[in-house]
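Here is a walk through one model, written for someone who likes geometry with the numbers left in. Have a look at the structure, then read on.

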Amino acid sequence: MRFLSGNTLQILLLLVLLNSATATAQQADVHSGVWRVVNYWSEWCSPCRKEIPMLNALSKELDPDKVRVFGVNFDDAARQETLKTAKALGIVFPTLSKSDVAALGLRGPDVMPTTYIVSPDNEVAAKLVGLQSRTQVLEELSRLGLAPESPLVTEVMSPAPVNSHLPRLTSNNGDLYLSWVTDLNTKSRLSYAKLGGALKGNGKGEESEEGWSPPLTISEGGNWFINWADFPALSVSVDGMVAHWLQRSGVDTYDYDIAASFFDVEQQQWSIGKRVNTDGIKAEHGFVSMTSVGDQGTLITWLDGRNTKRQPTPGAMTLRSAVFDYQGKNLEEWELDEAVCDCCQTSSAMTPKGPVVVYRNRTSDEIRDIFIVRMVDGSWSQPQAVHDDGWQVNGCPVNGPAVAAKGGRLAVAWFTAKSSEPKVQLALSANSGETFSAPILVSASNTNGRVDTTILENGEILVSWMDNTDSNAKIMLSRYSSNGDLRDVTEVGVTGSSRRSGFPVIESVGDIAYVAWTDVTDERQVRLAKVVY
């Protein structure tokens, strides 16, 4: 017979005490006088797996002093096997033991998944059968007075007229700027307005009752290329303003150039449009993003299709960028990536180390993940993945990324659909984009992407996206802490899910967020909402 040494006995006794303490803590947790959302899951249940990310997010969003989320393994597995499976499925909320379930008096469901809402007195107040959305769970919690407090969403009177679309938002020194396109009988017009006061130099000093300056025209034309996903935009800084639009260059559908207009501060007027791409080839040039690089001017980045018209073997779409001064002179131009996705939007931002550009890359085997390039010490870095999603798709998803910067902190949001599973994801960087966190799941299942992102003055991060319903699409807004912890999810508005509704956009002024989108449920018009946290 072998006897255990004194040290071994002490270790075993410590392990027994730790296990006992853990079990006691979990018992106290599940019976702590709060409401409980109890979800039955199984590893073989596909709807269960789809539901888990929503429940993970909800568990962080709810007030733990009022209501908590728990899971139950439907399968009759040993405790350690259950915990191992829960970890493999990515479940972050506690998984109950068999004794916990018995104490609650719950009976195993007949349909998977099933979610119970249980009162502090262990009474089942609601039973949700089948795959649930976040909205469905919150509706039940609201009925019971348990839903978290929502941010205040109010509609802001839009300065854009009926038949306006393609809104873009930007801000500078506490002022918000909205630009949009209005389709006229034979031409299109790019206009903008400023919220909060009259524009300097408009000659009238007028301000509307809603706080908007009178709409001003940047340019208009009859040969513009108007597309739901490739839109004009305005860039504003303390040093100047730049706007761009697209105009046709050839007979082919996607032969168009990028034209830019620069605001002359002395003359107080916009210049005639100047061509940004100077290759002279009738090909696709678009999906522009612009960011100020200080007194040097504006960095304009675009997808350039000059190589796609190369003969006898057409080449790939490329990513190009150039710095223009505020008089419209091209100071320097670069090719940033030799092969990118053909029709996904680009996005750019300024960091203390220099500008960054995010976009959808394209490999020879049709992997189309989100990449970043950074200018450091006057030179551009090699393209690198924000995250290796491994999404292989033989065609452009028309769903580009968005980037926001505040100091050296970056937030990148994007859409992916590997294995036909749509997701909106968020990755954070604390070093101007050198490295990124693991992706944070923002939305899944019903999303069609069309993302944007911004960072509030307090460091919190917002991500917008669209969720499909039966006939329309909800415009959603998630708020995260600077570390990526979910604060809340807010429905801002509803529009059509078709391409006509375009891409909603967000911009922050201090700790207030503004959301603009094209409403196509009735007469097409740009709408605007303010979200106060």
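Residues count as buried under 20% relative accessible area and as exposed over 50%, with partly exposed in between. That cut-off comes up again and again below. Keep in mind that this is a predicted model.

**Two loop residues with positive phi**

Take Asp 377: at 76% relative accessibility it is over the 50% mark and therefore counts as exposed. Asp 377 sits in the loop between E21 and strand E22 (379–380). Its phi is near 55°, which is positive even though the residue is not a glycine.

Ser 420 also has a positive phi without being a glycine, at about 60°. Its loop runs between E25 and strand E26 (423–429). With 68% relative accessibility, Ser 420 counts as exposed.

**Cis peptide bonds**

Two proline bonds are worth a look if you check omegas. Met 112 and Pro 113 are joined by a cis peptide bond, with omega about -5°. Pro 113 belongs to the loop between helix H4 (98–104) and E3. The bond from Gln 311 to Pro 312 is cis as well, and here omega is near 5°. You'll find Pro 312 in the loop between strand E16 (298–304) and strand E17 (318–324).

**Helix H2 and its kink**

Helix H2 covers residues 46–61, which makes 16 residues. From first C-alpha to last it reaches 24 Å, close to the 22 Å expected at 1.5 Å a residue. Where does the kink in H2 lie? It is at Ile 52, shortly before the proline Pro 53, and amounts to about 30°.

Ile 52 is itself one of the buried residues of H2.

**Aromatic pairs**

A search of the whole structure turns up 13 aromatic pairs. A pair of rings is described by the distance of the centres and the angle of the planes. Here are two of them in that form:

| Pair | Centre to centre | Angle between planes | Kind |
|---|---|---|---|
| Tyr 359 and Phe 371 | 6.5 Å | 45° | tilted |
| Trp 391 and Phe 415 | 5.9 Å | 75° | edge-to-face |

**Arginines over rings**

Which ring does the charged end of Arg 168 sit over? It is that of Phe 231, with the charged end 3.7 Å from the ring centre. Arg 450 lies over the face of Phe 503, at 5.9 Å from the ring centre.

**Two buried strand residues**

His 165 is in strand E6 (residues 164–172). With a relative accessible area of 6%, which is under the 20% cut-off, His 165 is buried. Its side chain makes a polar contact of 3.5 Å with that of Arg 524. Beyond its neighbours within four places in sequence, His 165 is in contact with residues including Trp 180, Asp 183, Ile 226 and Thr 518.

Val 463, in strand E29 (residues 461–468), has a relative accessible area of 0% and is buried. Leaving aside neighbours within four places in sequence, the residues in contact with Val 463 include Ala 413, Val 424, Leu 426, Val 442, Met 476 and Tyr 480. Asp 452 and Ser 478 are also among them. Phe 74 is 389 residues away from Val 463 along the chain, and their C-alpha atoms are separated by 34 Å.

Definitions and conventions
Residues numbered from 1 in each chain as written. Predicted model: local features only at pLDDT ≥ 70, side-chain atom pairs only at ≥ 80, totals over all residues. Heavy atoms only, no water. Helix = DSSP H or I, 4+ residues; strand = E, 2+ residues; numbered from the N terminus. Expected span 1.5 Å × (residues − 1). Bend = angle between axes of the 7 residues up to and from the residue. Buried < 20%, exposed > 50% of the residue type's maximum accessible area, 1.4 Å probe, protein only. Polar contact = N/O pair within 3.5 Å; in protein donor to acceptor, adjacent residues only side chain to side chain. Contact = heavy atoms within 4.5 Å. Phe/Tyr/Trp six-rings, centres within 6.5 Å; stacked < 30°, edge-to-face > 60°. Lys NZ or Arg CZ within 6 Å of the ring centre and 35° of its normal.
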